[in-house]
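Please find below a colleague's note on the structure shown here.

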Amino acid sequence: MLALTVRPGQPQSVKLETVPPPPVSDGAILVRTLSLGVCGTDREIISGEYGAAPAGEERLIIGHESLGRVEEAPAGSGFAPGDLVVGIVRRPDPVPCPACAAGEWDMCRNGRYTERGIKSRNGYGSEQFRVEPEFAVKLDPALGEAGVLMEPTSIVAKAWEQCLRIGHRGAAWQPRTALISGAGPIGLLAAMIGAQGGLDIHVYDRNKDGPKPDLAAGLGVTYHSEFPDLGALSPDIVIECTGAAPVVKQTVAAAAAGVVCLTGVSATGHDITFDIGGFNRAMVLDNRAVFGSVNANRRHYEAAAEALAKADRAWLTRLITRRVPLTRWAEAFERCDGDIKVVVDFESGLDSRSH
Ligand code: BGC
């Protein structure tokens with residue numbers, strides 16, 4: 001079968017190559033890949049900055065945003081041929097730490113977790129993959145191609161859950177307004193979940209035109225192409241989805257904000273000045289919380305499946321701005337103006353849509 005592989009640590013080593021069929025040790029469910037979402041983490045792996053091959057191997061099959069159709073599933077597994085599924089990304093560490101032992105591998109304490117397509121475990125970027133029933137999630141068949149948005153939605157489902165848990169430190173806390181920085185897939189999906197929860201959602205993104213303002217309007221949320229005045233907005237929750245150091249600084253320094261969740265993985269080495277005394281003072285005097293959130297456990301995938309099922313299908317489909325056929329896979333990793341979510345199409349005979 002064909003698979004997208006890289007030699008981790010070696011820039012531009014990505015290629016489409018023939019590899020053996022997925023081993024049964026990857027899981028009892030055999031899945032035919034329909035499409036694969038591409039994100040910043042994949043680009044980092046391709047540029048040699050991140051990622052690890054499975055132990056004893058040189059190359060890693062990349063891809064962690066899966067969508068496929070079950071071809072084989074054992075009786076009693078809860079899955080049947082034809083089911084639309086995605087695979088969960090992370091696997092618990094082998095010890096396991098107390099978090100992994102409790103099924104909260106997203107909160108792994110010893111860092112020895114593995115991640116499909118990212119860290120020491122082959123990913124979903126192959127024509128077929130195998131997955132364990134306990135790490136597969138069934139999707140509403142009506143979702144169709146939008147099902148590839150499941151993994152990024154699980155990331156924001158976790159971010160929202162954590163914001164609400166932290167906010168409820170104050171017994172009378174009632175969130176009304178939230179600011180999302182960044183209108184990429186993570187930001188827009190975060191806005192979607194917030195809007196479903198009835199909050200007054202504000203999205204900040206530097207793009208003045210292109211599809212982002214329209215997609216925000218489609219959710220009925222307010223779009224800002226200049227960073228809003230936080231004093232006036234006074235958001236109860238901020239979810240930072242750009243990872244861009246200057247935006248992180250703006251969100252973190254927002255004294256009026258309650259709970260600030262950081263979800264973007266920044267490039268390191270951006271030395272910007274930051275008033276740590278002022279930050280500490282605001283944190284203490286306003287009972288503020290700034291925290292990071294990564295990955296997702298099964299509970300978050302289930303919350304994501306619910307959020308996607310409630311969402312407007314046409315709106316979700318508009319988040320997928322480019323579908324690149326597997327034969328032209330390299331284009332999927334290029335950045336183009338107006339990109340939101342780019343997917344590699346593993347189904348033959350489909351041509352890429354225009355940008
Ligand atoms: C994935 C997460 C993963 C993280 C760090 C993200 O792109 O969505 O599941 O934990 O990268 O490897």
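1. Is Arg32 buried, exposed or partly exposed? The model is a predicted one, and in it Arg32 has a relative accessible area of 34%. This value lies between the limits of 20% for buried and 50% for exposed, so Arg32 counts as partly exposed.

2. The partner of Arg32 is Glu71, and the two side chains form a salt bridge with an N to O distance of 2.9 Å. Arg32 belongs to strand E3 and Glu71 to strand E5 (residues 65-72), so the contact ties together parts that are 39 residues apart in sequence. Glu71 is likewise partly exposed, its relative accessible area being 32%.

3. A further salt bridge links Asp26 with Arg116, at 3.7 Å from N to O. Asp26 is placed in the loop between strand E2 (15-18) and strand E3 (29-38), whereas Arg116 is part of strand E8 (residues 114-116); the pair therefore ties together parts that are 90 residues apart in sequence. Asp26 has a relative accessibility of 19% and counts as buried, because the limit is under 20%. Arg116 is buried with a relative accessible area of 3%.

4. Glu132 and Arg91 also form a salt bridge, in which the closest N and O atoms are 3.1 Å apart. Glu132 sits in the loop between strand E10 (128-131) and strand E11 (136-138), and Arg91 in strand E7 (residues 90-91), so that parts 41 residues apart in sequence are tied together. Both residues, Glu132 and Arg91, are buried.

5. The reader may wish to set these pairs against the total: the structure contains 20 salt bridges. Salt bridges with shared partners also join Glu104, Glu161, Arg165 and Arg299 into one network.

6. Strand E12 (residues 177-181) runs parallel to strand E13 (residues 200-204), and the two pair over 5 bridges. Leu179 stands opposite His202 in E13. In general, strands of a sheet pair through backbone hydrogen bonds, either parallel or antiparallel.

How values were computed: Residues numbered from 1 in each chain as written. Predicted model: local features only at pLDDT ≥ 70, side-chain atom pairs only at ≥ 80, totals over all residues. Heavy atoms only, no water. Pairing = 2+ DSSP bridges. Helix = DSSP H or I, 4+ residues; strand = E, 2+ residues; numbered from the N terminus. Salt bridge = Lys/Arg side-chain N within 4 Å of Asp/Glu carboxyl O. Buried < 20%, exposed > 50% of the residue type's maximum accessible area, 1.4 Å probe, protein only.
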